[in-house]
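User: Hi! Could you walk me through this one with me?

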Protein chains: 2
Amino acid sequence: MGADALRELTERNDVPGMQAWLAEHPPHVIADELARQDAVTAVLLFRLLDKDRALAVFEELDPPDQQNVLSGLRDQAFRDVVEEMDPDDRARLLGEAPAKFAQRVLAGLSAKERAMTAALLGYPQGAVGRYMSPETVLLRRTATVEQALARVRARGADAETVYTLPVVDDQRRLAGVVALRDLVLADPDRPVSDLVDPEVPRVQATDEAEAAARLMQDANLIDLPVVDSEDRVVGILTIDDAIEIISEADTEDIARQSATTPWPGHYMSVSVAQLARSRVVWLLLLIVAATLTVNVLQVFEGELHQVTALALFIPLLVGTGGNAGAQAATAAVRALAVGEVRTGDVLRVAWRECRVGLLLGTMLAVVALAIGSLLVGVDIAITVAVSLVVICAWAAMIGSTMPLLARKLGIDPAVISAPLVTTLVDATGLIIYFLTARVVLGL
Amino acid sequence: MGADALRELTERNDVPGMQAWLAEHPPHVIADELARQDAVTAVLLFRLLDKDRALAVFEELDPPDQQNVLSGLRDQAFRDVVEEMDPDDRARLLGEAPAKFAQRVLAGLSAKERAMTAALLGYPQGAVGRYMSPETVLLRRTATVEQALARVRARGADAETVYTLPVVDDQRRLAGVVALRDLVLADPDRPVSDLVDPEVPRVQATDEAEAAARLMQDANLIDLPVVDSEDRVVGILTIDDAIEIISEADTEDIARQSATTPWPGHYMSVSVAQLARSRVVWLLLLIVAATLTVNVLQVFEGELHQVTALALFIPLLVGTGGNAGAQAATAAVRALAVGEVRTGDVLRVAWRECRVGLLLGTMLAVVALAIGSLLVGVDIAITVAVSLVVICAWAAMIGSTMPLLARKLGIDPAVISAPLVTTLVDATGLIIYFLTARVVLGL
């Protein structure tokens, strides 16, 4: 593999070998490898790149890795890289960096680039404004196709995209967009107004970036015009940034789903302490919540002492309830994220999942009845089977509705993680189990 | 909300109201609403759309919903929709549909469209060939920029994209690509060969679609040329299809992560039975695996009977072990999916996660010691605390390395779900707990 070859080269400190490896691989592969190296090796490799390739690789790095690489560069190289970055990438880097580092970056910039960056940094974290590209080519609807193409040629070199061209009125207010494709295919004498799509979606720079990115995905757009509160064009969101936004949001959602706080950067380059920190808060909360199960069992300690065999099925029951709840919660969180479910659906979802849970519980009960009868006898097997049906229905309902209720309360539904649902279902599941035992076994 | 308004209209069967609603909303919103309706209402709404909008809405539907809508159309309308679909969308629809339906679709097509669809269907499920667009505009490297633009104008109307133009030799072999942007900005007399990017990535039509889509994401491409085994261009993969591929893959991974088989279609429109079917297989497997915990507890029934208080901490211990394992497994599966970790990293990952687990376990042990001492006394509290440290380290190691080992064995790492890890850690966690109890309590 190319990757293992690089590791050998860096361990032997074989500079010509590293240079050869760098020359052979495209920028995104090099960026990927840099992210996997320790800080010193990453800077060493980066400094071996010639200027153009260095910029291309730098663009592909995540902000924490960009910061690390930049910190290892001398002043001139530092300024060169920073000046060439796209304003949106620069804003993203500075948004996450310490103040001292940000000052060094801003000090190295030309006045024009500094002004653009400052404007983007004026938008809140997570807003479209932080991700959009402020350099756009604007067209007038009174222009002809030929004039419009001439304008694209004159102004297009600096813009991040020219494939979607916002059309504006005298006050720079968005009237619609024209696709470069349509301009190229149209008769040069036609007016641009013939080609304008006035129905095109738009977002405000202060809108949430994730919602804007998902809109682009739903509506199959490669660029999305961004306006201010008076509908004036202030930038454009490109599909590569939208994909990045969605991917990061999904990675965060997935992390939260396992009761982990999202961590910055690459899995292989974050420290053990950072990984532990991203997980410990929830684990601590959950272990405190799990104390509830200890309390519940203390209440039923008499029954437990009378029929020790009841204890044998505790892990199986709470495990299965947790699994059923986790399945429902995961389905609901994802359906919310991709827009298939809305908070108004909470009753429909609860009723659907209750039936799903009853169906699942019944099938599992049959299996449990067989296993239980073989291992400990029919009485306890019946207790376990009945409990399974109730626990599964309960777990599916709780698991599916909690994310919807969280969204309604303005909390990120992804924090309703599988472990959280599991822990909550554990205590209630035990109550269901011992109450069933009292009835079935006549305790 | 617009959505609730539509529900009221369909319940009152208010056709003019529905028409007004449809006229006011963009195609992707209408498609989203259709997917949430029952089959009959969806068809009713679809038939209210005029022809152009109907096609735009149809393109935004998922294959199961497309099949449902088509089944409700009369022959002429059916043929119109099917003939206008992009070949790749048609191939995807037919790939999932029953044979009888597929025959009806193919019979309604013109010879040219039928041939193109058949070609795409020749590629295996999940291959790039199923998603690519076969209609491309190919350029010769000997052409001038002006000639190239003339060719784009002549051939571009049928192509799905003209923003990335493959450049080929006499044998249709890919020499590189030219961006339409560069053509538009360049001097008309320059040869195309000056603008060709020869280093551009390419994929084969038989390659895995998900890998191709992630490559586009990594390398920030809006189109990716697709070649056959002899490097001849056979199509192009566009970014909107790539996003769809990634989103579907992520939805499937997330479902698998909660021990659910991915189900086809929209969460709100699949039946209760389908949802139950997607979850029952794993629940059954896991409950059988959980029988192991019953067996383990039977082995230690003597200790349990002697010190019933040991039973009180079983749910807390197995719950925490399960959570720690789920966190590590989820992180590893995601890192594998986005390419941050490779199978060769298994030992490094195991060592990292072992240390993370020890760190986490130690912090939790302090809390458990406090809680345990208050509730039941110091002896059992010490047993619980020591067990937590060992269980957390063990769970993190198992949880993180199993996905990597699965990938090595050619199994989808996402099947190493949080519930699977939890269930496996449960039984081993109990052994650790009771062995610790024997030592600490001198049983």
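Analyst: Happy to; we can start with the ground rules and then take the interface and a sheet. This is a predicted model, where local features need pLDDT of at least 70, side-chain atom pairs count only at pLDDT 80 or more, and totals for chains, interfaces and linings use all residues. Residues are numbered from 1 along each chain as its sequence is written, chains are lettered from A and ligands numbered from 1 in the order written, and side-chain values use heavy atoms, leaving out hydrogens and water.

User: How many residues of chain A are in contact with chain B?

Analyst: 109 residues of chain A touch 109 residues of chain B, with contact meaning heavy atoms within 4.5 Å.

User: And what area is buried between chain A and chain B?

Analyst: About 10,600 Å², with 62% of that from carbon and sulfur atoms; buried area is the accessible area (1.4 Å probe) that two parts lose on being put together, summed over both.

User: Nice. How many salt bridges cross the interface of chain A and chain B?

Analyst: The rule finds 8, counting a side-chain nitrogen of Lys or Arg within 4 Å of a carboxyl oxygen of Asp or Glu. One pairs Arg279(A) with Glu353(B), their closest N and O atoms being 2.8 Å apart.

User: Which helix gives the largest share of chain A's side?

Analyst: Helix α15 (residues 272-299) of chain A, with 18 residues; helices here are DSSP runs (H or I, at least four residues), strands are E runs of at least two, and both are numbered from the N terminus.

User: Switching topic: what is the strand order in the chain B sheet?

Analyst: β1-β2-β3, an open sheet with mixed pairing; strands pair if DSSP finds at least two bridges between them. The edge strands are β1 (139-140) and β3 (174-179) of chain B.
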